[in-house]
Amino acid sequence: MPLHQLPRGLRRTLYTLAGMLALVAALPLIDLAPLREQMAADASASLGRRVEIGAVRLALLPRPNVTLENVAMSEPDGHALFARFDSARFSLGWGSLLKRRAELADARVSGLRMVAFPLDDGRLNFDDLLTRRPKDKRISWQLSRLDLVDAALDWRSQDGRITRYSQLDLHALNPEGEDGAITVQGKLAAPEWGGSLRIDSQLRVQRDQLAASLKGFKLAINVETQEWHDGRFVLSGDLNAAAAPWRGVLSNAAAQASMQHGERRWQAAFKTPALRLNEAGLSTGRLEADFGIKSSGQEVAGQLRVEQLAADAAGSLVANAARLRLQLLDEQQNAQLDFESPLRIEGWRKVALEGFNLTGAYRNKALPRGAIKLELGGRAALDLARERFDWDSRGLLDAAPVAAQISLEDFVSPKYAFGFDLAKLDLTPYLPAAEGAPLLNAEQALDWRWLAQLNARGDVRLGELNIGKLRLFNLQAHVEAAKKQLVLEPLAADIYGGQLKGRLQLDTSRAPRLRLTQTLSGMEIAALLSDTVGLERLSGRGNVNLDVNTSARSLHSLRSGLSGRVDLMLTRGTIAGMDVGDMLRGLRSNLAKLTGDIIPADTARRTRFSDLSARFVLKDGVAENRDLQVRAPFFKLGGSGRFDLGRGQVDYLLQAEVGGGSGIPELDALRGVVIPIQLAGSLASPTYRVDTSALREKLVKPTAPASAPTAPGKAAAPALNSKAAPAKGR
């Protein structure tokens, strides 16, 4: 049938289809360069930025669309690059084309690259692009779908730090309808951490108001760093946001965060009825936060309560009162701190606590009689940009005045500086209630892991320290801790009427080892020994020089592994347990008893001396001495032997020798005779045995004839060498 004989409606349809086919066939032959240049010029004039378009492609099937390729847009200055994308395809509706209108039905943008940053006046560098344009200069948008594929955004903060969002995929369905939805996922990398993100939410855009409503908003970020692992942050609520100016409200806001560092798991959560962001800054209603740090044997828990957090005229977040509670819990110890302070947050990088009050208590199983209480007031500041924390406080520690200053730099590899000044620390009330009960298990290994990463230096001053009977005054120490070592130098104090000054070093880089170098001058040695090791065998005033080192694996190894030397010099003192002078005077009458018998030491009997000196060489907990010198009225003592400190045993030989000229016949008769005295047994209760074999030999020699007459009625007293009075004994 000839075409002209067909019905008019059918002919019109066929003519339209033929025209479309001819247009589709002719599109590749059409030069679109003039269109591309015109579109770039119109966009540049409309946006106030230089726009370049690499290519324009048109297609009619399966639906009319325009594709722009290699598009670049400058900053308002016309030079710096703001954004570019590989391609953007815009699909058009047939109905709008028939009505000679360009109505966008959906858009797909691939390979977008963009740089965003805040301007000096608080606006963002792309706010001008959101300015509403005259209607005749805009394309009609009626999007049912928007896809952003493989996008990247660099956010540059005012301090020049860049956070990079990459591999971003955004999919928005029916964004201006009642049932709109949006999904965003991608990766992000900050200067010191990286991870991935995902956003899911319902969506309704009000384009004429530059506003959006995201009901059921949820942001999830997974984080990894070199030090931190398995990190996750989730923020949820109902978000209403608007642009030009930027503002938003997250209603029923809630957040959870968790992260793993070594064996410790960090967790935090907060909630607030409304989280607001506008030109004035961020503000909240009542804010409640809980956080904690958990490991296999320890937990730290905290709760933060803020009635209102709002921005002031300077843009800082301010709260009149923030209340914080911290709790430390483990099998051995626990602590609770209650903290209240005004709060100021500047730019999310500076936190200031001016005029805080802190109360708390610390308990430990080794301190069974009560808690150590703390009351402090002062100021603190946290600067995240500089990675610095400063603390300055004064108050009471266990009812004694205390001042403490702490500075921390570098949160990854922290460096501490501190000053600590305490008037008095009395630990006596916290010692075990049972007499002689041990504070700690002597065999339990000491844990020095806290020293592995510690880098600190500072000064400690303590007016008075009481631990049981031990008392120190004016204790001062400069502390250096680094590279698994702890050094206190100088370490000085007033102790028992004298002065202590020297050095202490703990080295845990290999096998833990402690070294103590001290000079004790003018010390009352009796009180020192009694209050420290419970021995009451020696008294006198003098000097002690120590240079000892020992294993620091356990409390037992501290004593049993002692090596080094101790120099002892005393004057005007006594040795408890026996009276050598009295024993020498009674040797003749007690010869039989003293020879070979083992006699317990009697602390009520003492040997007085004018001066004493000795050097002890220690090795593996055994102190050996070979040069004891004791001067007493009319006699002197020498000695050598061993003291096993680890086992608490003594094996020591004293040599007593009378100098003569005392005017006491019993002593002068012993001139030139050396009397050995063997000490043995436990250090706490030793025994001694007197060896009189040399004296017996002298006593049994013949007596010279008497030259003086005997008084009438009295028998002549036998001479010292007389055979008439042989000694009874072995």
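This is a predicted model: local features need pLDDT of at least 70, side-chain atom pairs count only at pLDDT 80 or more; totals for chains, interfaces and linings use all residues.
The protein chain contains 9 helices and 40 strands. Of its 730 residues, 35% are buried. The accessible surface of the chain amounts to about 41900 Å², and carbon and sulfur atoms contribute 55% of that area. Among contacts with a separation of 6 or more, 48% involve residues 24 or more positions apart.

Aromatic side chains form 9 pairs in the structure. One of these joins W228 and W266, whose ring centres are 5.2 Å apart; the planes meet at 75°, so the arrangement is edge-to-face. W228 is located in the loop between β11 (211-224) and β12 (229-242), whereas W266 belongs to strand β14 (residues 264-278), so the pair ties together parts that are 38 residues apart in sequence. Both members have intermediate accessibility by the criterion applied: W228 is partly exposed at a relative accessible area of 25%, and W266 is partly exposed at 35%.

A further aromatic pair is formed by F389 and W391. The centre-to-centre distance is 6.5 Å and the angle between the planes is 40°, a tilted geometry. F389 is partly exposed, with 27% relative accessibility. W391 has a relative accessible area of 16% and is therefore buried, the limit being under 20%. F389 and W391 also belong to one aromatic cluster, together with F339 and F356.

Two arginine side chains are placed over phenylalanine rings. The charged end of R49 sits over the ring of F82, at 4.7 Å from the ring centre. R156 lies over the face of F117, with a distance of 4.4 Å to the ring centre. R49 also takes part in a network of salt bridges that links it with E75 and D128.

In total, 35 salt bridges are found in the structure. E69 and R57 form one of them, with an N to O distance of 3.0 Å. This pair links distant parts of the chain, as E69 is in strand β2 (residues 65-74) and R57 in strand β1 (residues 51-59), 12 residues apart. E69 is partly exposed at 21% relative accessibility, and R57 is partly exposed with a relative accessible area of 48%.

The side chains of R457 and E480 likewise meet in a salt bridge, at 3.0 Å from N to O. R457 is part of strand β27 (residues 456-467) and E480 of strand β28 (residues 470-482), so the pair ties together parts that are 23 residues apart in sequence. Relative accessibility is 47% for R457, which counts as partly exposed, and 30% for E480, which is also partly exposed.

For the salt bridge between R631 and D611, the N to O distance is 2.6 Å. Here strand β36 (residues 622-632), which holds R631, is linked to strand β35 (residues 602-619), which holds D611; the two residues are 20 residues apart. R631 has a relative accessibility of 52% and counts as exposed, because the limit is over 50%.

S283 is in strand β15 (residues 281-284) and is buried, with 16% relative accessibility. Leaving aside residues up to four places away in sequence, S283 touches A274, L275, R276, L309, A310, A311 and L317.

Methods: Residues are numbered from 1 along each chain as its sequence is written. Side-chain values use heavy atoms; hydrogens and water are left out. Rings of Phe, Tyr and Trp (its six-membered ring) pair if their centres lie within 6.5 Å; planes under 30 degrees apart count as stacked, over 60 as edge-to-face and the rest as tilted. Helices (H or I, at least four residues) and strands (E, at least two) are DSSP runs, numbered from the N terminus. Buried means under 20% relative accessible area, exposed over 50%, partly exposed in between (1.4 Å probe, protein chains only). A charge sits over a ring if NZ of Lys or CZ of Arg is within 6 Å of the ring centre and within 35 degrees of the ring normal. Contact means heavy atoms within 4.5 Å. Accessible areas come from the Shrake-Rupley method with a 1.4 Å probe; for residues, only the protein chains shown count as cover. A salt bridge is a side-chain nitrogen of Lys or Arg within 4 Å of a carboxyl oxygen of Asp or Glu.
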